[in-house]
There are 2 protein chains.
Amino acid sequence: MLLQEIPKKDDILSAEKRIHNYVHRTPVFTSNQLNEILGVHVYFKCENLQKVGAFKMRGASNAILSLTKAQLKKGVATHSSGNHAQAVALTAKLAKIPAYIVMPHNAPEVKVEAVRRYGAEVIYCESNLNAREEMLNEVVEKTGASFIHPYDNYDVIAGQATCAKEMLEDTDHLKALFAPIGGGGLMAGTLLSSQYFGNKTPVIGAEPAGADDAYRSWKAGKIIPMEHPDTIADGLRTSVGERNFPIIQQYVKDIITVSDEEIIEAMRLIFNYLKLVVEPSGAVPFASMIKIKDQFKGKKVGVILCGGNIDLKKLPF
Amino acid sequence: MLLQEIPKKDDILSAEKRIHNYVHRTPVFTSNQLNEILGVHVYFKCENLQKVGAFKMRGASNAILSLTKAQLKKGVATHSSGNHAQAVALTAKLAKIPAYIVMPHNAPEVKVEAVRRYGAEVIYCESNLNAREEMLNEVVEKTGASFIHPYDNYDVIAGQATCAKEMLEDTDHLKALFAPIGGGGLMAGTLLSSQYFGNKTPVIGAEPAGADDAYRSWKAGKIIPMEHPDTIADGLRTSVGERNFPIIQQYVKDIITVSDEEIIEAMRLIFNYLKLVVEPSGAVPFASMIKIKDQFKGKKVGVILCGGNIDLKKLPF
């Protein structure tokens with residue numbers, strides 16, 4: 001039964017059970033050296049080590065496994081520039097159902113390859129939202145597949161919420177939790193888990209300055225879509241979704257925007273001190289934390305490293 | 001009391017207790033995608049996630065903590081191009097004793113910085129073994145510090161042995177264990193742990209073709225030093241040590257050499273599928289495994305990712 005309203009505590013607990021065999025409980029890492037340099041104790045939730053290399057596996061698997069048997073039989077479809085596509089493809093492979101993925105022709109090579117390796121059918125389209133949606137509608141009409149939206153979907157939000165739930169269980173006394181805002185799936189889930197399972201730990205949104213629609217929407221009190229996003233953080237170029245925005249509006253403590261230079265510097269620190277590969281989007285929450293680190297001197301904070309799928313030819317250093 | 005002969009089972013158990021608070025028990029990771037591509041179940045012991053980013057912390061801390069109080073007071077000294085230097089420096093910092101590190105002037109920037117950050121004194125020298133040894137002797141004479149050899153030292157070997165011990169405890173039914181050979185500290189320790197704690201699991205040595213002295217020495221039955229090493233794997237340019245070679249000769253199953261291209265391809269796979277940063281030397285055992293993977297079709301093998309300290313400016317992709 002698909003969720004029709006904002007996930008409740010029980011919906012997230014159900015999601016956690018539902019996806020148990022489809023996701024890893026990812027580790028939380030810290031680096032003494034990095035903590036000394038920053039003057040803050042930073043705990044990193046390593047969703048770059050998640051299946052498909054990103055948190056997206058949580059939401060996609062929860063949404064797909066919530067479908068009826070009849071729906072599952074006809075398969076699933078989505079449009080995505082990357083990690084959500086891989087997550088839908090892998091879930092479909094594990095659940096033994098067909099998957100149809102509409103991808104822009106300029107999607108990173110490593111992401112297209114991964115989707116194909118999971119056995120999904122890739123359908124290319126132009127790199128704009130209209131083209132994607134038209135192609136997706138065609139596919140859904142032809143196959144009867146269920147559309148799994150990357151973020152504007154309550155079941156996806158409930159799945160993404162399991163990430164912060166685990167992190168809050170595996171840490172103590174966090175003064176804040178930093179998560180990225182693209183479409184707002186992970187952010188909405190993080191906010192709900194902080195309310196339900198984390199003693200309302202303050203959650204801070206992180207956005208690239210070149211795709212700061214959530215920040216501007218939050219300030220304006222209504223959704224202002226991003227028309228021409230321009231940032232290295234390709235996973236966060238999307239505008240915030242209709243189901244996601246009200247949750248963000250209600251619970252987010254602050255939204256911090258960062259430049260591409262700040263994102264690259266955060267990536268560099270993560271590579272050098274944690275020895276972890278993160279994609280630019282995956283480093284945005286840490287970049288935001290660094291920007292306001294004086295607020296957390298000597299304290300503990302949580303940072304979600306949301307993904308690690310980067311084309312090595314495009315490393316910024 | 002310093003070890004005067006090949007470490008026994010009890011010496012490795014003592015080392016494990018001695019260094020318990022100085023090292024991490026590093027995780028063992030595997031990647032389903034990578035296993036499917038290779039047709040082998042590969043378990044990676046992540047020593048790139050060890051303190052100082054390399055297994056060297058195990059041997060250095062064991063050797064230092066085996067010194068007498070009087071010796072500790074005068075401090076420790078070593079010559080090293082990198083990871084061993086950091087390990088000596090960090091152990092000295094934690095044990096609150098002085099450390100003097102002789103380093104070649106062309107050592108990677110990231111490694112020199114790290115040693116300084118641990119509070120050790122860096123003394124530069126020319127980039128050849130004679131120059132290093134001369135400078136080291138000067139330092140030892142002047143300060144009374146104890147020289148901690150990077151590999152040709154039984155206490156170092158006993159410390160490095162704890163790595164394979166942990167790996168053998170955390171895995172089952174490995175058909176082989178791949179470890180690198182530079183000076184032979186990790187390799188000798190791995191061979192001993194396989195004998196004492198791992199049902200004599202076959203251990204395979206991995207060497208860059210451009211620094212294949214251990215391979216040639218093993219074939220010849222006597223040490224043949226490397227005169228002009230030429231490989232991207234800077235941590236493995238050293239020639240095998242006198243205390244290390246007899247252990248290798250007695251127990252190693254095979255030694256596989258790999259080209260720089262094969263090392264870089266192994267690094268690429270580790271970055272892409274494990275989302276882990278490894279230095280070239282750290283990828284050599286995996287490159288060797290790939291070279292003979294047909295021997296292990298459908299089986300489990302262990303691979304030590306021995307270090308992750310790479311200058312991001314020098315990434316080979």
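Is B:Lys222 buried or exposed? B:Lys222 is exposed, at 53% relative accessibility; here buried means under 20% relative accessible area, exposed over 50%, and partly exposed in between (1.4 Å probe, protein chains only).

1. Basis of the note. This is a predicted model, in which local features need pLDDT of at least 70 and side-chain atom pairs count only at pLDDT 80 or more, while totals for chains, interfaces and linings use all residues. Residues are numbered from 1 along each chain as its sequence is written, chains are lettered from A and ligands numbered from 1 in the order in which they are written, and side-chain values use heavy atoms, with hydrogens and water left out.

2. Surroundings of B:Lys222. The residue lies in the loop between helix H10 (213-220) and helix H11 (245-251) of chain B; helices (H or I, at least four residues) and strands (E, at least two) are DSSP runs numbered from the N terminus. Leaving aside residues up to four places away in sequence, B:Lys222 touches B:Ser217, B:Phe245 and B:Gln249, where contact means heavy atoms within 4.5 Å. B:Pro246 is 24 residues from B:Lys222 along the chain, and their C-alpha atoms are separated by 9.0 Å.

3. Relation of the two chains. Chain A is superposed on chain B by a rotation of 180° with 0.0 Å of shift along its axis, at an RMSD of 0.0 Å. This is the relation of a two-fold axis. The superposition is by least squares on the C-alpha atoms of residues with pLDDT of at least 70 in both copies. A:Leu276 is the residue of chain A that comes closest to the rotation axis, with its C-alpha at 2.3 Å. The same surface serves both copies, since 100% of the contact residues of chain A recur in chain B.

4. Interface. Chain A and chain B each give 27 residues to the contact. The buried area between them is about 2,200 Å², of which carbon and sulfur atoms give 55%; buried area is the accessible area (1.4 Å probe) that two parts lose on being put together, summed over both. Between chain A and chain B there are 2 salt bridges, a salt bridge being a side-chain nitrogen of Lys or Arg within 4 Å of a carboxyl oxygen of Asp or Glu. One of them joins A:Lys93 to B:Glu36, with the closest N and O atoms 3.4 Å apart. On the side of chain A that touches chain B, the elements giving two or more residues are helix H2 (32-38), helix H6 (109-117) and helix H12 (260-274) of chain A. H12(A) supplies the largest share of that side, 5 residues.

5. An enclosed helix. Helix H3 (residues 56-65) of chain A has 9 of its 10 residues buried, so it is largely enclosed by the rest of the structure. Among the buried residues of H3(A) are A:Lys56, A:Arg58 and A:Asn62. The buried residues of H3(A) pack against several elements of chain A, including helix H1 (9-18), strand E2 (41-46) and helix H8 (154-169).

6. A buried lysine. A:Lys45 lies in strand E2 of chain A and is buried, with a relative accessible area of 0%. Its side chain and that of A:Thr26 are joined by a polar contact of 3.0 Å. A polar contact is a pair of N or O atoms within 3.5 Å; within protein, one must be able to donate a hydrogen and the other to accept it, and residues adjacent in sequence count only if both atoms are side-chain atoms. Among the residues that A:Lys45 touches are A:Arg58, A:Cys163 and A:Glu166.

7. Salt bridges within chains. Over all chains, 28 salt bridges are found. B:Arg243 and B:Asp152 meet in one of 3.1 Å, N to O. These two residues are 91 apart, B:Arg243 in the loop between H10 and H11 of chain B and B:Asp152 in the loop between strand E6 (146-147) and helix H8 (154-170) of chain B. B:Arg243 is partly exposed at 35%, whereas B:Asp152 is buried at 15%. In chain A, a network of salt bridges links A:Glu16, A:Arg25, A:Lys165, A:Glu169 and A:Asp170.

8. Positive phi values. Most residues other than glycine have a negative phi. B:Lys96 has a positive phi of about 60°, and B:Asn199 has a phi near 50°. B:Lys96 is exposed at 76%, and B:Asn199 is exposed at 78%.
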